[in-house]
Amino acid sequence: MLCDQSSCAYDYYVKHKEYKVFARRKGFRALFRHSKDNELWKPEVWYPPLCPPDILKKELVQDENFTEIDMIARATPDSLKESFGDLVESLTSHLTSDLHKLRAIFVWMAEQNIGCRQETTSFKNKHSPKYYLRKAYTDVVFIGKMFAKMCRAARIPCILVSGKAKGVSYEPGYKDIREENTWAVVYVAGSWRFVFPFWAFVKTRGYQNEDWMLIEDSGNPLRTRFAANDGSEISTFDEFYFLTDPNMMNYICHPHDKEKQLLAEPWTKEQFFTLPYFRPHYFSSGWHLVSPLTCVIRPEDGWCFIDFSSPGAGSKLRYKLFFDETRSGKTFPKGIQMDLYVTIIKRTKHTKSVMVRLPEAGTYKLEVIGSHQNILHRLVEFRIVCKHVAPDIRPLPPCSENGFGFGEEAVKAGLSEPSHTEGVVPVKSGDEIDMSFRVQPNVDILARLVHSTRATDELRDSVRVRRENAKATVTATLPADDPEPEYSLQIDTIKNSQGFYKPKGAFTNALSYLLTSNKSLNTAIVDKSKQENLQCYEEFYDSIAKDDARLLEKVAFRVKMAGIEDPILNEKIRGQKAKFKHMRKEVLAAAEERNLDRLSLALKHCMSVNLEYRGDVEDTKKVLLELCKEELEKATKNLKVEELHECLDKISNTCIGESVREEAWFKDAEEVYWRLQQLQEIKQNVQSLTDDDMANVFKPPDDVIDIIFSTFILLGESQTELDTWQKIWTKLHQTSEKQLFTTLSSFDDSLLTQDRVDLAQDKLQHCGGTFGDERVIKILYSWTHKLRHVELTPETIEYHTQDFTISRVYHEHTG
């Protein structure tokens, strides 16, 4: 049963916390119990209830880097395969999060070539990893079992899931699948997620159903029959099946237990088999199917459209069309050339349609392929059951692989501002149609009408091109003798920068339009309701591409007002809203916690999806600003250069860094950092100086040197050790300030000699008696001056020093 995430998270936390206390006491080996394998399909008592994840896989792993985890997991010694406990402890004991532990288990299993490599070494017991690796070669269910046992050994909640999966033998239109499959749901980072170990690690290559005959490959007519082939299994590593989102997984797999779909509104089995058959690459391609929303298409009179929202630059659609002779009950007619019955048409700015106009009743399969930078991936497959075709149905006029409509190739060719962007232009017999656009000066254009049966030379005079400055106008006149005209207007271009005429063959197709009088086609193209719906889809997928929360709100409202009932679209809207709700919840929680790092990251994510329009999200900027100020003030008070530099850099790189740098307190901190840096540089320079260098750097005026000299002489130091400033400097550094003041305060004046007093007096008389605010120097000078003309005896010393002694002067000065 689905649940509220907050309540299940609380229950999980309590039980998981109790478990971890037990884990620390017992260790990995004691934790791992050899439970029966059928218990792997059931939750343990401490598991949180199943419920949909709040965020998509993309958001979950966007700040993760698994490189080191993968490398260490792949290097795990084979000797650990004897024990699940030892193996899991080695893989996970150095990791702190369940997400990282799960990743290590997933990568290690992939590294074993599980399911494809037969283990030949002996094993001691049937409960070891080595045994499961051996069994997986003949029974792929053991791949899922081993994954679940390793997760449980690491105390990661994991439940195996049984159900139906659309594998290599599946064909669109099947009502059921005979084979059973096994995958898993795991609980990491606060939510349940899908992992499909079997399909992540094992791939079937070369499988072929014998029923289908390939009759067209993106405009190339074929008659290729395939022999049945079961294919072969090879090892692979498919990231798609690691933490797969429910809105992707449920198109591919359908569990027997509906709560294991991890959907807010579970799908029925009938829905699962009715929905389009998407291939894994569809979900990351950027292409989005707009319609139809079923895997079986039943066209009227052989016509059908398959509409897609385009991912933009560099992406194209290709296709393959197959005919099922068994289900059709007949062979495909040899006289029909299939390169002229399927084409690609541009419908809106970002919408393209695969248009199919079948010439023969029967059962077909259409495989739509995405092309990006010449790399092809299958996107989706449809079964087309055509019961009837129009008697007058004709092949389409030829077209390049660019399809019909103004697109990326036209822009690359130097064309812009087209008068017509859509691929289909309604016409009638004898019409004169003008198509105009801007053309770069160095581009020449060539235009022609092409028909499915009429020779191009017959239509040479039906098209003319006029150039007026940067504007080019192509005028096509439809033949009056054709009652139901249908032509391709092809516009080719060539660069003329080389300054000489190039042959016609050097032109390349940049743009084509389908000029048609076909009522069925024109009705479908100009259908106002259909156009509005396509516009809604285009805006919705544009909001997804831009990841814009505000735009999503507008689009969701428009979809609702348009009355579009599309379960796929609605599920995507719910998923996007849930993601933005989670991001908003996280930023508010971070603000309440007043955690600078957490708040900065959460707010950055909110700003990236334009959630700032929410007032409560905008208010968290003020909280972040306060936290930045507090942290910077703390770093400033510590007066440590490196700490302050790191803090300034960190705050500058927050999502509000630009505004923070304009704050007065930030600029004050930068000033403090600059001064500390200068001081540090001075200190480093001073430490690199020699004693003589230091003495010269700090050499005071001569008067001060004479006073220091006199002080040391009166204290009994030798004159020869004070005859240069370098020696006085050395003496100062040999005597600490505390030692010097202690000597002064306890000095016995009776020890003075006349020679020392005279020597001090000689030095001090050069000072002229002007010492500013230096009271000690004044007293010392006055004292020695009084002794200058008196014969120094104990009695005279006592007489002349009764008012002041060196020790008294020291005490008076120091208070």
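**Close-up 1. Helix α17 and the residue that follows it.** In this predicted model, helix α17 covers residues 567-593, and at 1.5 Å a residue its 27 residues should span 39 Å, which agrees with the 38 Å that separates its end C-alpha atoms. Directly after α17 comes Arg 594, a residue whose phi is positive, near 60°.

**Close-up 2. The open sheet of four strands.** The strands of this open sheet are arranged in the order β19-β21-β24-β23, and their pairing is antiparallel. Its edges are formed by β19 (415-416) and β23 (463-468), each of which pairs on one side only.

**Close-up 3. Strand β21 and its two partners.** On one side, β21 (residues 432-439) is joined to β19 by two bridges, the two strands running antiparallel, and in this pairing Ser 416 stands opposite Arg 438 of β21. With β24 (residues 471-477), β21 pairs over seven bridges, again in the antiparallel sense, and here Phe 437 stands opposite Ala 472 of β24. In a regular strand, side chains alternate between the two faces of the sheet.

Close-up 4. Four residues, Glu 300, Asp 301, Asp 392 and Glu 484, form a negative surface patch. One of them, Asp 392, is found in the loop that runs between strand β18 (375-386) and helix α13 (408-412).

Definitions and conventions: Residues numbered from 1 in each chain as written. Predicted model: local features only at pLDDT ≥ 70, side-chain atom pairs only at ≥ 80, totals over all residues. Heavy atoms only, no water. Patch = residues over 30% accessible without salt bridge, like charges linked within 9 Å, V, L, I, M, F, W, Y side chains within 5 Å. Areas by Shrake-Rupley, 256 points an atom, 1.4 Å probe, with all protein chains shown as cover. Salt bridge = Lys/Arg side-chain N within 4 Å of Asp/Glu carboxyl O. Lys, Arg positive; Asp, Glu negative; His and termini not counted. Charge placed at Lys NZ, Arg CZ, Asp CG, Glu CD. Expected span 1.5 Å × (residues − 1). Pairing = 2+ DSSP bridges.
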